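Here is a briefing on selected local features of one protein chain. Please look through the structure first, then read on by topic.

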Amino acid sequence: MASTKKFGFPWPEFNDGLSYHDVVRPSDSGLTLIEFYSSKYKSSAPLQGWLQRIKSEQITIDGRVVTDLNTVLRVGSKLVYHRHPWKEPDAPHIIEVLYEDDDIIALNKPSGLQVLPGGLFQQRTVLTQLQWEANNRGTFEAHQRPHPVPVHRLGRGTSGILLCAKTKLARAHLASYFADGTSHIGGKRDTNQEPGKIAKIYRALVSGIVDNDKVTINQPIGMVKYPGVAKGLYVASQSGKPALSVVDILERDIQKNSTLVQVKIQSGRPHQIRIHLSFIGHPLLGDPLYDVGGQPKCLDCDFVDETFAEDGGYQRPHKPVPGDCGYYLHAHKLFLSHPVTNEFIEIIAPLPSILQTSKEAQEINITQQTTD
């Protein structure tokens with residue numbers, strides 16, 4: 001059923017910190033404590049950072065704090081790195097519910113809120129708010145079924161529809177829907193045919209004037225090494241995985257040198273819309289990361305800053321990272337075959353004013369004036 005409900009709990013000033021667990025394997029037996037962490041977790045902190053963490057009594061072996069860097073590890077020993085609580089960057093906490101029934105819930109995610117824990121955002125996420133809301137609904141409901149979980153992701157700077165599953169069955173079916181949509185990319189399914197059991201339509205504001213009224217982009221997306229992104233950065237790459245986006249032009253603004261577009265994605269690669277539109281020469285307006293060609297704006301991407309922050313980890317990169325905001329991208333519509341009932345569902349997330357066409361904005365103003 002459709003809903004106008006909102007929920008959200010204010011973020012505490014500091015999160016609860018984190019604990020990272022390891023069990024020493026035979027291949028790591030004989031390594032010293034500093035050798036283990038500085039080699040196994042290079043992306044977490046530089047050598048000097050790990051030295052500081054050990055000296056600060058943040059590492060335990062079999063439950064005992066160890067500060068000797070040269071402690072030799074034995075097979076089966078349990079290592080725990082205790083990351084101190086920290087103040088996460090600002091993020092919105094109020095979330096609107098667009099649709100909810102016994103199996104699924106669709107949220108209108110605000111820009112600036114991360115979906116799942118990662119990087120600096122371990123508590124200030126959609127997932128945490130879902131957990132808190134489930135607990136707030138009462139002991140019976142919270143313990144009778146697991147809390148809702150997102151079944152796909154939206155970039156931190158992206159707003160709009162985020163689909164979540166409330167049951168294991170719904171989660172499994174929705175996961176298969178998304179997987180099926182991606183598996184048909186690469187010429188196996190005609191773009192004019194009916195999509196699978198789920199379809200997503202986005203709004204975006206891009207820089208420059210797009211000439212053609214309709215553009216189909218099938219540029220593969222792969223990964224490159226990039227400072228501050230441990231697993232690598234997604235970019236346009238001929239050796240990457242297939243990806244397909246269909247772009248329709250809604251409105252051109254010659255004066256502001258921008259184009260309002262609608263994008264239907266038939267695959268779900270990370271940052272796909274940002275990469276695809278920049279690939280054709282029209283990056284999202286305000287995108288701090290992606291430049292023309294679907295590549296990052298930085299040129300010396302192999303540079304790594306070896307200085308470390310207060311907790312021993314790397315300093316926040318000077319260069320833009322995927323989670324940085326500033327662009328205008330909104331998951332506007334979602335068409336779905338219900339994962340349990342097979343009922344057809346259409347979900348719409350209201351558009352931010354900057355992503356409305358002139359006609360839409362005018363109609364909204366008229367409606368508001370009539371209501372007032």
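Asp 324 is buried, with a relative accessible area of 14%. That residue sits in the loop between β17 (295–296) and β18. The model is predicted. A search of the whole structure finds 7 salt bridges and 2 cavities of 30 Å³ or more.

**Asp 324 and its contact**

- The side chain of Asp 324 has a polar atom 3.0 Å from the backbone nitrogen of Val 321.
- Asp 324 counts as buried because its relative accessible area is 14%, and buried means under 20%.

**Salt bridge Lys 5–Glu 133**

- Lys 5 and Glu 133 form a salt bridge through their side chains, at 2.9 Å from N to O.
- Lys 5 belongs to the segment before β1 (6–7) and Glu 133 to helix α3 (residues 126–136), so the pair ties together parts that are 128 residues apart in sequence.
- Lys 5 is partly exposed, at 27% relative accessibility.
- Glu 133 is buried, at 10% relative accessibility.

**Salt bridge Arg 124–Asp 90**

- A salt bridge joins the side chains of Arg 124 and Asp 90, with 3.9 Å from N to O.
- This pair links distant parts of the chain, 34 residues apart.
- Arg 124 is in the loop between β7 (104–109) and α3, while Asp 90 is in the loop between β5 and β6 (95–100).
- Asp 90 is exposed, at 69% relative accessible area.

**Salt bridge Lys 166–Glu 100**

- In the salt bridge between Lys 166 and Glu 100, the closest N and O atoms are 2.9 Å apart.
- Lys 166 lies in the loop between β9 (159–165) and α5 (168–183), and Glu 100 lies in strand β6.
- The two residues are 66 residues apart, and the pair links distant parts of the chain.
- Both Lys 166 and Glu 100 are buried.

**Second largest pocket**

- The second largest pocket holds about 250 Å³ of space.
- Its lining has 14 residues. Leu 205, Glu 251, Asp 253, Ile 354 and Gln 356 are the ones nearest the centre of the pocket.
- Which elements give two or more residues to this lining? They are β14 (245–253), β15 (258–265) and α7 (358–371).

**Second largest cavity**

- The second largest cavity has a volume of about 30 Å³.
- Lining this cavity are Ile 161, Lys 200, Ile 201, Tyr 202, Ala 331, Lys 333 and Leu 334.
- β10 (198–207) and β18 (329–337) each supply at least two of the lining residues.
- The lining of the second largest cavity counts 5 nonpolar and 2 charged residues, with no polar ones.

**Helix α1 and its cover**

- Which residues of helix α1 (residues 33–40) are buried? They are Leu 33, Ile 34, Phe 36, Tyr 37 and Ser 38.
- The cover over the buried residues of α1 includes β2 (18–23), α2 (47–55), β3 (59–61) and β5 (78–83).
- An α-helix has 3.6 residues a turn, so residues three or four places apart point the same way.

- Asn 257 has a phi near 55 degrees, a positive value in a residue other than glycine.
- Asn 257 is in the loop between β14 and β15. Asn 257 is partly exposed, with a relative accessible area of 43%.
- His 271 is not a glycine either, and its phi is positive at about 60 degrees.
- His 271 is placed in the loop between β15 and α6 (272–279). At 23% relative accessibility, His 271 is partly exposed.

Definitions and conventions. Residues numbered from 1 in each chain as written. Predicted model: local features only at pLDDT ≥ 70, side-chain atom pairs only at ≥ 80, totals over all residues. Heavy atoms only, no water. 1 Å grid on protein atoms, 1.4 Å probe; cavity = no way out; pocket = protein on both sides within 12 Å on 5 of 7 lines; lining within 4 Å. Points joined across faces, edges and corners; volume = space filled by probe spheres on them. Helix = DSSP H or I, 4+ residues; strand = E, 2+ residues; numbered from the N terminus. Buried < 20%, exposed > 50% of the residue type's maximum accessible area, 1.4 Å probe, protein only. Contact = heavy atoms within 4.5 Å. Nonpolar A, V, L, I, M, F, W, Y, C, P; charged D, E, K, R; others polar. Salt bridge = Lys/Arg side-chain N within 4 Å of Asp/Glu carboxyl O. Polar contact = N/O pair within 3.5 Å; in protein donor to acceptor, adjacent residues only side chain to side chain.
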